[in-house]
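Please read them with the structure open.

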Amino acid sequence: MGAAPGRLLDALLQFLNMRYISTRGATPPLSFQDAVLTGLAPDGGLLLPEALPSFADRLNDWRALPFPELAVEVFARFADDIPRARIEEIVRSAYATFRHPEVVPLVDLGRLQVMELFHGPTLAFKDVALQVLGRLFEHIVTARGTRLNVLCATSGDTGSAAIAGIRGRAGMGVFVLYPEGRTSALQELQMTTVPDENVHCIAIDGTFDDCQRIVKAIFNDLDFKAKHGLGAANSVNWARVLAQTAYYLHGALRFDEPVSFSVPTGNFGNILAGYLARAMGAPIDRLVLGTNDNDILARFFQTGVYSVGETRRTISPSMDIQVASNFERFVYYRLGCDPAALQAFMTTFAAEGVARIDGGVPEDEGILATAVDEPATMAAMSELYARSGYVVDPHTAVGVAAASRFPEYQPMICLAAAHPAKFPESVDRAVGEAVARHALLDGLAGKPQRKTLLPPDLETVQAFIAPRAGEA
Ligand SMILES: *Cc1c(COP(=O)(O)O)cnc(C)c1O
(Lines give C-alpha, C1' and ligand atoms only; values in the text may rest on other atoms or scores of the structure.)
Protein backbone atom coordinates (compact mmCIF):
# COMPACT_ATOMS: atom_id res chain seq x y z
CA MET A 1 0.00 0.00 0.00
CA GLY A 2 1.37 3.44 -0.89
CA ALA A 3 1.81 6.36 1.47
CA ALA A 4 -1.29 8.24 0.40
CA PRO A 5 -3.88 5.62 1.47
CA GLY A 6 -1.98 5.25 4.77
CA ARG A 7 -2.29 8.94 5.42
CA LEU A 8 -5.92 8.80 4.49
CA LEU A 9 -6.47 5.99 6.97
CA ASP A 10 -4.67 7.99 9.67
CA ALA A 11 -6.81 11.01 8.97
CA LEU A 12 -9.93 8.86 9.11
CA LEU A 13 -8.91 7.23 12.40
CA GLN A 14 -8.16 10.60 13.89
CA PHE A 15 -11.60 11.69 12.88
CA LEU A 16 -13.26 8.57 14.31
CA ASN A 17 -11.33 8.22 17.55
CA MET A 18 -12.03 10.69 20.26
CA ARG A 19 -8.97 12.61 21.34
CA TYR A 20 -8.49 14.33 24.66
CA ILE A 21 -6.84 17.72 25.00
CA SER A 22 -5.76 19.85 27.94
CA THR A 23 -7.54 23.03 29.01
CA ARG A 24 -4.08 24.66 29.06
CA GLY A 25 -3.33 23.71 25.47
CA ALA A 26 0.21 22.39 25.88
CA THR A 27 -0.36 18.63 25.99
CA PRO A 28 -0.43 16.56 22.77
CA PRO A 29 -3.85 14.93 22.24
CA LEU A 30 -4.39 11.64 24.10
CA SER A 31 -6.51 8.55 23.57
CA PHE A 32 -9.24 7.69 26.10
CA GLN A 33 -7.07 5.14 27.92
CA ASP A 34 -4.15 7.55 28.14
CA ALA A 35 -6.47 10.32 29.34
CA VAL A 36 -7.80 8.05 32.11
CA LEU A 37 -4.29 7.05 33.18
CA THR A 38 -2.96 10.63 33.00
CA GLY A 39 -5.55 12.30 35.23
CA LEU A 40 -4.12 15.79 35.50
CA ALA A 41 -2.49 16.81 32.19
CA PRO A 42 1.32 17.29 32.22
CA ASP A 43 0.84 21.01 31.49
CA GLY A 44 -1.18 21.35 34.70
CA GLY A 45 -4.52 21.51 32.90
CA LEU A 46 -7.54 19.23 32.88
CA LEU A 47 -8.36 16.86 30.04
CA LEU A 48 -11.45 17.18 27.87
CA PRO A 49 -12.56 15.61 24.60
CA GLU A 50 -11.54 17.71 21.62
CA ALA A 51 -15.23 18.08 20.75
CA LEU A 52 -18.33 17.10 22.69
CA PRO A 53 -20.62 14.71 20.83
CA SER A 54 -24.38 15.23 20.76
CA PHE A 55 -26.60 12.57 22.28
CA ALA A 56 -29.78 14.24 21.03
CA ASP A 57 -30.63 11.55 18.46
CA ARG A 58 -30.08 8.71 20.96
CA LEU A 59 -32.27 9.98 23.79
CA ASN A 60 -35.48 8.19 22.78
CA ASP A 61 -33.70 4.83 22.57
CA TRP A 62 -32.09 5.44 25.94
CA ARG A 63 -35.28 6.26 27.82
CA ALA A 64 -36.13 2.66 28.67
CA LEU A 65 -32.60 1.57 29.59
CA PRO A 66 -31.71 0.55 33.12
CA PHE A 67 -28.97 2.77 34.54
CA PRO A 68 -26.04 0.37 33.96
CA GLU A 69 -26.99 -0.07 30.30
CA LEU A 70 -27.23 3.67 29.81
CA ALA A 71 -23.82 4.03 31.42
CA VAL A 72 -22.47 1.44 28.95
CA GLU A 73 -23.76 3.59 26.09
CA VAL A 74 -22.09 6.71 27.47
CA PHE A 75 -18.76 4.96 28.05
CA ALA A 76 -18.89 3.25 24.65
CA ARG A 77 -19.14 6.66 23.00
CA PHE A 78 -16.10 8.06 24.80
CA ALA A 79 -13.94 4.98 25.49
CA ASP A 80 -13.54 4.17 21.84
CA ASP A 81 -10.23 2.36 22.33
CA ILE A 82 -11.75 -0.37 24.55
CA PRO A 83 -13.86 -3.14 22.98
CA ARG A 84 -17.55 -2.75 23.72
CA ALA A 85 -17.82 -6.22 25.26
CA ARG A 86 -15.12 -5.28 27.76
CA ILE A 87 -16.90 -2.00 28.59
CA GLU A 88 -20.08 -3.97 29.24
CA GLU A 89 -18.26 -6.28 31.66
CA ILE A 90 -16.59 -3.39 33.47
CA VAL A 91 -19.72 -1.28 33.86
CA ARG A 92 -22.08 -4.14 34.72
CA SER A 93 -19.78 -5.61 37.36
CA ALA A 94 -19.17 -2.12 38.81
CA TYR A 95 -22.88 -1.55 39.37
CA ALA A 96 -23.49 -5.11 40.58
CA THR A 97 -21.75 -3.96 43.79
CA PHE A 98 -24.63 -1.59 44.54
CA ARG A 99 -27.20 -2.58 47.13
CA HIS A 100 -30.26 -1.34 45.24
CA PRO A 101 -31.66 -3.11 42.15
CA GLU A 102 -32.12 0.23 40.34
CA VAL A 103 -28.56 1.29 41.33
CA VAL A 104 -29.48 5.02 41.43
CA PRO A 105 -33.19 5.00 42.39
CA LEU A 106 -35.40 8.08 42.22
CA VAL A 107 -37.58 8.79 45.25
CA ASP A 108 -40.68 10.92 44.65
CA LEU A 109 -41.26 13.37 47.51
CA GLY A 110 -43.90 15.47 45.76
CA ARG A 111 -42.33 18.75 44.67
CA LEU A 112 -38.90 17.25 45.09
CA GLN A 113 -37.41 14.14 43.54
CA VAL A 114 -34.36 12.67 45.22
CA MET A 115 -31.92 10.56 43.24
CA GLU A 116 -30.13 8.27 45.68
CA LEU A 117 -26.55 7.92 44.53
CA PHE A 118 -25.35 6.29 47.75
CA HIS A 119 -26.08 2.57 47.40
CA GLY A 120 -22.47 1.65 46.53
CA PRO A 121 -19.84 0.01 48.76
CA THR A 122 -18.95 3.18 50.73
CA LEU A 123 -22.46 4.72 50.80
CA ALA A 124 -21.53 7.89 48.88
CA PHE A 125 -22.08 9.05 45.31
CA LYS A 126 -18.41 8.75 44.46
CA ASP A 127 -18.84 4.97 44.23
CA VAL A 128 -20.87 5.50 41.04
CA ALA A 129 -17.70 6.67 39.33
CA LEU A 130 -14.96 4.91 41.26
CA GLN A 131 -16.33 1.39 40.96
CA VAL A 132 -16.03 1.87 37.19
CA LEU A 133 -12.70 3.67 37.34
CA GLY A 134 -10.94 0.99 39.43
CA ARG A 135 -11.99 -1.64 36.90
CA LEU A 136 -10.99 0.55 33.94
CA PHE A 137 -7.56 1.05 35.48
CA GLU A 138 -7.13 -2.67 36.06
CA HIS A 139 -8.07 -3.37 32.45
CA ILE A 140 -5.58 -0.83 31.08
CA VAL A 141 -2.71 -1.77 33.42
CA THR A 142 -3.16 -5.49 32.77
CA ALA A 143 -3.30 -4.99 29.00
CA ARG A 144 -0.13 -2.89 29.08
CA GLY A 145 1.75 -4.93 31.66
CA THR A 146 2.46 -1.87 33.82
CA ARG A 147 1.75 -0.82 37.41
CA LEU A 148 -0.45 2.06 38.57
CA ASN A 149 -0.47 3.71 41.98
CA VAL A 150 -3.43 5.95 42.47
CA LEU A 151 -2.72 9.05 44.50
CA CYS A 152 -5.53 11.24 45.70
CA ALA A 153 -6.50 13.93 48.15
CA THR A 154 -9.80 13.57 49.93
CA SER A 155 -11.91 15.66 52.23
CA GLY A 156 -13.66 12.45 53.22
CA ASP A 157 -15.63 10.46 50.69
CA THR A 158 -13.27 10.33 47.71
CA GLY A 159 -10.71 8.39 49.74
CA SER A 160 -12.89 5.53 50.86
CA ALA A 161 -14.54 5.31 47.45
CA ALA A 162 -11.14 5.22 45.70
CA ILE A 163 -9.96 2.58 48.14
CA ALA A 164 -13.11 0.52 47.54
CA GLY A 165 -12.54 0.77 43.78
CA ILE A 166 -8.87 -0.25 43.89
CA ARG A 167 -8.35 -2.52 46.91
CA GLY A 168 -6.96 -5.89 45.89
CA ARG A 169 -6.82 -5.03 42.16
CA ALA A 170 -3.97 -6.52 40.14
CA GLY A 171 -1.01 -4.25 39.40
CA MET A 172 -2.38 -1.39 41.51
CA GLY A 173 -1.83 0.50 44.74
CA VAL A 174 -3.68 3.43 46.29
CA PHE A 175 -2.33 6.33 48.41
CA VAL A 176 -4.90 8.59 50.03
CA LEU A 177 -4.10 11.95 51.69
CA TYR A 178 -6.75 13.34 54.01
CA PRO A 179 -6.78 16.15 56.58
CA GLU A 180 -6.32 14.65 60.05
CA GLY A 181 -9.36 15.32 62.24
CA ARG A 182 -11.34 17.02 59.47
CA THR A 183 -13.15 14.05 58.06
CA SER A 184 -15.92 12.44 60.07
CA ALA A 185 -14.83 9.63 62.39
CA LEU A 186 -16.78 7.18 60.25
CA GLN A 187 -15.22 8.42 57.02
CA GLU A 188 -11.80 7.82 58.51
CA LEU A 189 -12.76 4.33 59.70
CA GLN A 190 -14.04 3.50 56.21
CA MET A 191 -10.56 4.21 54.87
CA THR A 192 -8.27 2.97 57.60
CA THR A 193 -9.99 -0.35 58.37
CA VAL A 194 -9.49 -1.73 54.85
CA PRO A 195 -6.91 -4.50 55.35
CA ASP A 196 -5.59 -4.88 51.77
CA GLU A 197 -1.86 -4.33 51.51
CA ASN A 198 -2.15 -2.17 48.41
CA VAL A 199 -4.03 0.49 50.44
CA HIS A 200 -2.09 3.37 52.14
CA CYS A 201 -3.88 6.02 54.24
CA ILE A 202 -1.89 9.22 54.91
CA ALA A 203 -3.35 11.59 57.50
CA ILE A 204 -2.01 15.11 56.86
CA ASP A 205 -1.67 17.55 59.73
CA GLY A 206 -3.41 20.36 57.78
CA THR A 207 -6.45 21.20 55.64
CA PHE A 208 -7.94 19.53 52.60
CA ASP A 209 -6.44 22.31 50.48
CA ASP A 210 -2.99 21.31 51.85
CA CYS A 211 -3.64 17.73 50.77
CA GLN A 212 -4.76 18.86 47.35
CA ARG A 213 -1.74 21.15 46.96
CA ILE A 214 0.67 18.32 47.83
CA VAL A 215 -1.01 15.93 45.41
CA LYS A 216 -0.88 18.53 42.64
CA ALA A 217 2.81 19.17 43.36
CA ILE A 218 3.61 15.45 43.23
CA PHE A 219 1.83 15.12 39.90
CA ASN A 220 3.77 18.12 38.61
CA ASP A 221 7.03 16.31 39.53
CA LEU A 222 6.92 14.41 36.25
CA ASP A 223 10.00 12.25 36.97
CA PHE A 224 8.61 11.07 40.32
CA LYS A 225 5.21 10.52 38.79
CA ALA A 226 6.60 8.39 35.95
CA LYS A 227 9.08 6.46 38.10
CA HIS A 228 6.40 5.32 40.55
CA GLY A 229 3.57 4.92 38.07
CA LEU A 230 1.35 7.46 39.78
CA GLY A 231 -2.09 8.36 38.49
CA ALA A 232 -5.10 10.25 39.74
CA ALA A 233 -8.49 8.95 40.78
CA ASN A 234 -9.81 12.19 42.26
CA SER A 235 -12.60 14.10 40.68
CA VAL A 236 -10.51 15.57 37.84
CA ASN A 237 -10.26 12.11 36.24
CA TRP A 238 -12.21 12.18 33.02
CA ALA A 239 -13.73 8.71 33.54
CA ARG A 240 -15.32 9.90 36.78
CA VAL A 241 -16.99 12.80 35.05
CA LEU A 242 -18.35 10.39 32.44
CA ALA A 243 -19.89 7.99 34.95
CA GLN A 244 -21.64 10.93 36.57
CA THR A 245 -22.89 12.21 33.24
CA ALA A 246 -24.79 8.91 32.90
CA TYR A 247 -27.00 9.50 35.95
CA TYR A 248 -27.97 12.98 34.82
CA LEU A 249 -29.11 11.48 31.52
CA HIS A 250 -30.88 8.66 33.34
CA GLY A 251 -32.68 11.08 35.68
CA ALA A 252 -33.63 13.51 32.94
CA LEU A 253 -35.01 10.72 30.74
CA ARG A 254 -37.43 9.59 33.45
CA PHE A 255 -39.60 12.65 32.73
CA ASP A 256 -41.48 13.86 29.65
CA GLU A 257 -40.38 17.46 30.12
CA PRO A 258 -36.98 19.03 30.83
CA VAL A 259 -35.94 18.61 34.47
CA SER A 260 -33.73 20.63 36.75
CA PHE A 261 -31.15 19.22 39.14
CA SER A 262 -30.03 20.50 42.50
CA VAL A 263 -26.45 19.54 43.24
CA PRO A 264 -24.56 19.89 46.53
CA THR A 265 -21.19 21.12 45.30
CA GLY A 266 -17.59 21.19 46.51
CA ASN A 267 -15.01 20.49 43.80
CA PHE A 268 -17.46 21.18 40.94
CA GLY A 269 -17.09 17.55 39.81
CA ASN A 270 -20.64 16.36 40.18
CA ILE A 271 -22.26 19.46 38.71
CA LEU A 272 -19.73 19.61 35.86
CA ALA A 273 -21.10 16.25 34.70
CA GLY A 274 -24.57 17.80 34.63
CA TYR A 275 -23.28 20.78 32.67
CA LEU A 276 -21.74 18.43 30.10
CA ALA A 277 -24.83 16.20 29.93
CA ARG A 278 -26.88 19.32 29.20
CA ALA A 279 -24.36 20.46 26.57
CA MET A 280 -24.62 17.03 24.89
CA GLY A 281 -28.39 17.32 24.60
CA ALA A 282 -29.82 15.88 27.83
CA PRO A 283 -33.20 17.54 28.48
CA ILE A 284 -31.99 19.52 31.49
CA ASP A 285 -33.45 22.94 32.29
CA ARG A 286 -31.49 24.36 35.25
CA LEU A 287 -28.61 23.14 37.38
CA VAL A 288 -28.89 24.52 40.90
CA LEU A 289 -25.46 24.73 42.49
CA GLY A 290 -25.59 24.61 46.29
CA THR A 291 -22.54 25.31 48.43
CA ASN A 292 -22.18 25.38 52.21
CA ASP A 293 -20.47 28.35 53.92
CA ASN A 294 -17.47 27.74 51.66
CA ASP A 295 -19.27 29.72 49.03
CA ILE A 296 -16.63 30.67 46.47
CA LEU A 297 -18.58 29.00 43.66
CA ALA A 298 -21.92 30.50 44.68
CA ARG A 299 -20.32 33.95 44.71
CA PHE A 300 -18.71 33.32 41.34
CA PHE A 301 -21.97 32.38 39.65
CA GLN A 302 -23.69 35.38 41.17
CA THR A 303 -20.99 37.95 40.31
CA GLY A 304 -18.48 36.52 37.79
CA VAL A 305 -15.72 37.07 40.35
CA TYR A 306 -13.80 33.99 41.56
CA SER A 307 -12.23 35.02 44.82
CA VAL A 308 -10.73 32.68 47.39
CA GLY A 309 -11.82 32.82 51.03
CA GLU A 310 -10.85 31.03 54.24
CA THR A 311 -11.72 27.33 54.31
CA ARG A 312 -14.39 26.95 56.97
CA ARG A 313 -15.36 23.73 58.72
CA THR A 314 -19.01 22.83 58.34
CA ILE A 315 -21.32 19.87 58.96
CA SER A 316 -20.89 18.98 55.27
CA PRO A 317 -17.10 18.41 55.28
CA SER A 318 -16.90 16.96 51.76
CA MET A 319 -17.82 20.43 50.53
CA ASP A 320 -15.36 22.37 52.71
CA ILE A 321 -13.40 23.43 49.67
CA GLN A 322 -12.28 26.84 48.46
CA VAL A 323 -10.34 25.98 45.32
CA ALA A 324 -12.58 23.69 43.27
CA SER A 325 -10.37 21.43 41.17
CA ASN A 326 -12.92 20.74 38.41
CA PHE A 327 -13.96 24.34 37.98
CA GLU A 328 -11.19 24.87 35.42
CA ARG A 329 -13.15 22.81 32.89
CA PHE A 330 -16.13 25.12 33.21
CA VAL A 331 -13.93 28.22 32.89
CA TYR A 332 -12.38 26.73 29.74
CA TYR A 333 -15.79 26.39 28.08
CA ARG A 334 -16.94 29.76 29.38
CA LEU A 335 -13.87 31.41 27.84
CA GLY A 336 -14.67 29.94 24.43
CA CYS A 337 -12.22 26.96 24.62
CA ASP A 338 -9.30 29.38 24.49
CA PRO A 339 -6.28 27.93 26.37
CA ALA A 340 -4.52 31.30 26.48
CA ALA A 341 -7.49 33.01 28.11
CA LEU A 342 -7.86 30.09 30.53
CA GLN A 343 -4.14 30.27 31.40
CA ALA A 344 -4.48 33.98 32.08
CA PHE A 345 -7.47 33.39 34.36
CA MET A 346 -5.72 30.62 36.33
CA THR A 347 -2.44 32.56 36.58
CA THR A 348 -4.22 35.64 37.88
CA PHE A 349 -6.15 33.54 40.38
CA ALA A 350 -3.01 31.74 41.58
CA ALA A 351 -1.11 35.03 42.01
CA GLU A 352 -3.84 37.26 43.45
CA GLY A 353 -6.50 34.92 44.80
CA VAL A 354 -9.03 36.70 42.59
CA ALA A 355 -9.95 36.35 38.92
CA ARG A 356 -13.01 37.47 37.01
CA ILE A 357 -14.89 36.62 33.87
CA ASP A 358 -16.14 39.71 32.11
CA GLY A 359 -19.88 39.69 31.82
CA GLY A 360 -20.19 36.89 34.41
CA VAL A 361 -22.07 33.73 33.45
CA PRO A 362 -25.03 34.21 31.10
CA GLU A 363 -28.37 32.66 31.96
CA ASP A 364 -28.31 30.23 29.04
CA GLU A 365 -25.50 28.32 30.75
CA GLY A 366 -28.34 27.08 32.96
CA ILE A 367 -26.60 27.38 36.33
CA LEU A 368 -28.29 28.96 39.35
CA ALA A 369 -26.21 29.21 42.51
CA THR A 370 -26.83 29.71 46.19
CA ALA A 371 -24.96 29.25 49.48
CA VAL A 372 -26.66 27.38 52.31
CA ASP A 373 -25.46 28.07 55.85
CA GLU A 374 -25.59 25.64 58.75
CA PRO A 375 -28.96 26.71 60.22
CA ALA A 376 -30.58 26.40 56.78
CA THR A 377 -28.95 23.00 56.27
CA MET A 378 -30.24 21.75 59.63
CA ALA A 379 -33.69 23.16 58.88
CA ALA A 380 -33.77 21.37 55.51
CA MET A 381 -33.07 18.04 57.23
CA SER A 382 -35.69 18.53 59.94
CA GLU A 383 -38.40 19.96 57.64
CA LEU A 384 -38.03 17.20 55.08
CA TYR A 385 -38.21 14.58 57.82
CA ALA A 386 -41.26 16.22 59.41
CA ARG A 387 -43.04 16.50 56.06
CA SER A 388 -42.23 13.15 54.49
CA GLY A 389 -40.32 10.98 56.96
CA TYR A 390 -37.37 11.07 54.57
CA VAL A 391 -33.86 11.45 56.01
CA VAL A 392 -31.02 13.16 54.12
CA ASP A 393 -27.37 13.66 55.03
CA PRO A 394 -26.04 17.22 55.54
CA HIS A 395 -24.52 17.42 52.04
CA THR A 396 -27.76 16.39 50.39
CA ALA A 397 -29.55 18.80 52.73
CA VAL A 398 -27.59 21.66 51.14
CA GLY A 399 -29.04 20.54 47.81
CA VAL A 400 -32.53 20.25 49.27
CA ALA A 401 -32.34 23.77 50.72
CA ALA A 402 -30.89 25.13 47.47
CA ALA A 403 -33.69 23.51 45.45
CA SER A 404 -36.34 25.07 47.71
CA ARG A 405 -35.04 28.53 46.77
CA PHE A 406 -35.96 27.96 43.12
CA PRO A 407 -39.51 26.57 43.40
CA GLU A 408 -40.42 27.69 39.89
CA TYR A 409 -38.26 24.98 38.34
CA GLN A 410 -40.15 21.69 38.23
CA PRO A 411 -39.57 18.79 38.11
CA MET A 412 -36.49 19.16 40.31
CA ILE A 413 -34.17 16.26 41.10
CA CYS A 414 -31.92 16.69 44.12
CA LEU A 415 -28.86 14.46 43.95
CA ALA A 416 -28.43 12.61 47.26
CA ALA A 417 -24.69 12.53 47.79
CA ALA A 418 -24.29 10.29 50.83
CA HIS A 419 -26.26 7.95 53.06
CA PRO A 420 -27.34 9.83 56.21
CA ALA A 421 -25.65 7.21 58.41
CA LYS A 422 -22.27 8.59 57.30
CA PHE A 423 -23.00 11.79 59.28
CA PRO A 424 -25.02 10.63 62.28
CA GLU A 425 -24.26 13.52 64.68
CA SER A 426 -25.76 16.33 62.62
CA VAL A 427 -28.54 14.20 61.10
CA ASP A 428 -29.80 12.92 64.46
CA ARG A 429 -29.51 16.41 65.97
CA ALA A 430 -31.51 17.97 63.11
CA VAL A 431 -34.19 15.32 63.11
CA GLY A 432 -34.38 14.91 66.88
CA GLU A 433 -34.25 11.12 66.74
CA ALA A 434 -31.58 8.47 66.22
CA VAL A 435 -32.41 7.73 62.58
CA ALA A 436 -29.00 7.74 60.90
CA ARG A 437 -27.84 4.14 61.09
CA HIS A 438 -26.47 1.61 58.62
CA ALA A 439 -25.33 -1.92 59.48
CA LEU A 440 -22.28 -1.58 57.23
CA LEU A 441 -20.98 1.35 59.27
CA ASP A 442 -21.94 -0.10 62.67
CA GLY A 443 -19.66 -3.01 61.81
CA LEU A 444 -16.54 -0.79 61.49
CA ALA A 445 -16.17 0.19 65.16
CA GLY A 446 -13.33 -1.64 66.87
CA LYS A 447 -11.74 -2.97 63.66
CA PRO A 448 -7.95 -2.48 63.48
CA GLN A 449 -6.88 0.74 61.69
CA ARG A 450 -3.87 1.38 59.43
CA LYS A 451 -2.77 4.99 58.86
CA THR A 452 0.33 7.22 58.92
CA LEU A 453 0.30 10.81 60.20
CA LEU A 454 2.54 13.19 58.19
CA PRO A 455 3.15 16.97 58.17
CA PRO A 456 1.84 19.00 55.17
CA ASP A 457 5.21 18.80 53.48
CA LEU A 458 5.88 17.67 49.92
CA GLU A 459 9.23 15.91 50.47
CA THR A 460 8.04 14.01 53.51
CA VAL A 461 5.04 12.67 51.62
CA GLN A 462 7.18 11.70 48.61
CA ALA A 463 9.63 9.89 50.92
CA PHE A 464 6.72 7.89 52.32
CA ILE A 465 5.31 6.98 48.91
CA ALA A 466 8.55 6.06 47.07
CA PRO A 467 9.41 2.78 48.84
CA ARG A 468 5.78 1.63 48.97
CA ALA A 469 4.82 2.34 45.37
CA GLY A 470 7.28 0.09 43.60
CA GLU A 471 8.46 1.12 40.15
CA ALA A 472 6.32 1.22 37.06
C1 LIG B 1 -17.61 14.67 47.10
C2 LIG B 1 -18.84 15.01 47.79
C3 LIG B 1 -19.50 16.20 47.54
C4 LIG B 1 -18.96 17.24 46.57
O5 LIG B 1 -18.93 16.79 45.26
P6 LIG B 1 -18.05 17.59 44.18
O7 LIG B 1 -18.02 16.69 42.99
O8 LIG B 1 -16.71 17.76 44.80
O9 LIG B 1 -18.74 18.87 43.93
C10 LIG B 1 -20.68 16.43 48.19
N11 LIG B 1 -21.18 15.56 49.07
C12 LIG B 1 -20.59 14.39 49.35
C13 LIG B 1 -21.18 13.47 50.34
C14 LIG B 1 -19.40 14.07 48.71
O15 LIG B 1 -18.80 12.92 48.97
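1. Helices (H or I, at least four residues) and strands (E, at least two) are DSSP runs, numbered from the N terminus. By that rule, Val354 lies in strand β12, residues 354-356. The model is predicted: local features need pLDDT of at least 70, side-chain atom pairs count only at pLDDT 80 or more, and totals for chains, interfaces and linings use all residues. Residues are numbered from 1 along each chain as its sequence is written, and side-chain values use heavy atoms, with hydrogens and water left out.

2. Stay with Val354. Its relative accessibility is 31%, so Val354 counts as partly exposed (buried is under 20% relative accessible area, exposed over 50%, partly exposed in between; 1.4 Å probe, protein chains only). Not counting residues up to four places away in sequence, Val354 touches Val305, Tyr306, Ser307, Thr348 and Phe349 (contact means heavy atoms within 4.5 Å). Ala341 is 13 residues from Val354 in sequence and 15 Å from Val354 in space, C-alpha to C-alpha.

3. Next, the aromatics. Rings of Phe, Tyr and Trp (its six-membered ring) pair if their centres lie within 6.5 Å; planes under 30 degrees apart count as stacked, over 60 as edge-to-face and the rest as tilted. The count is 25 aromatic pairs. The ring centres of Tyr332 and Tyr333 are 5.8 Å apart and the planes lie at 70°, so this pair is edge-to-face. Tyr332 and Tyr333 are both buried. One aromatic cluster has among its members Tyr306, Tyr332, Tyr333 and Phe349.

4. Now the sheet. Which order do its 5 strands take? The order is β8-β5-β6-β7-β15, in an open sheet with parallel pairing (two strands pair if DSSP finds at least two bridges between them). β8 (230-232) and β15 (452-454) stand at the edges with a single partner strand each, so one side of each has no neighbour in the sheet. Neighbouring strands are turned by 30° against each other on average, direction ignored (axes are lines fitted to C-alpha atoms, for helices over the stretch in contact; angles run from 0 to 180 degrees between N-to-C directions).

5. Look at β6 (residues 172-179) and β7 (residues 199-204). They run parallel, joined by 6 bridges. Tyr178 has Ala203 in β7 as its bridge partner. Helix α7 (residues 157-166) packs on the sheet and touches β5 (148-153), β6 and β7. The direction of α7 makes about 170° with that of β6.

6. Last, Glu73. This residue lies in helix α4, residues 67-78. Glu73 is buried, at 14% relative accessible area. Leaving aside neighbours within four places in sequence, Glu73 is in contact with Arg58, Trp62, Leu65 and Arg84.
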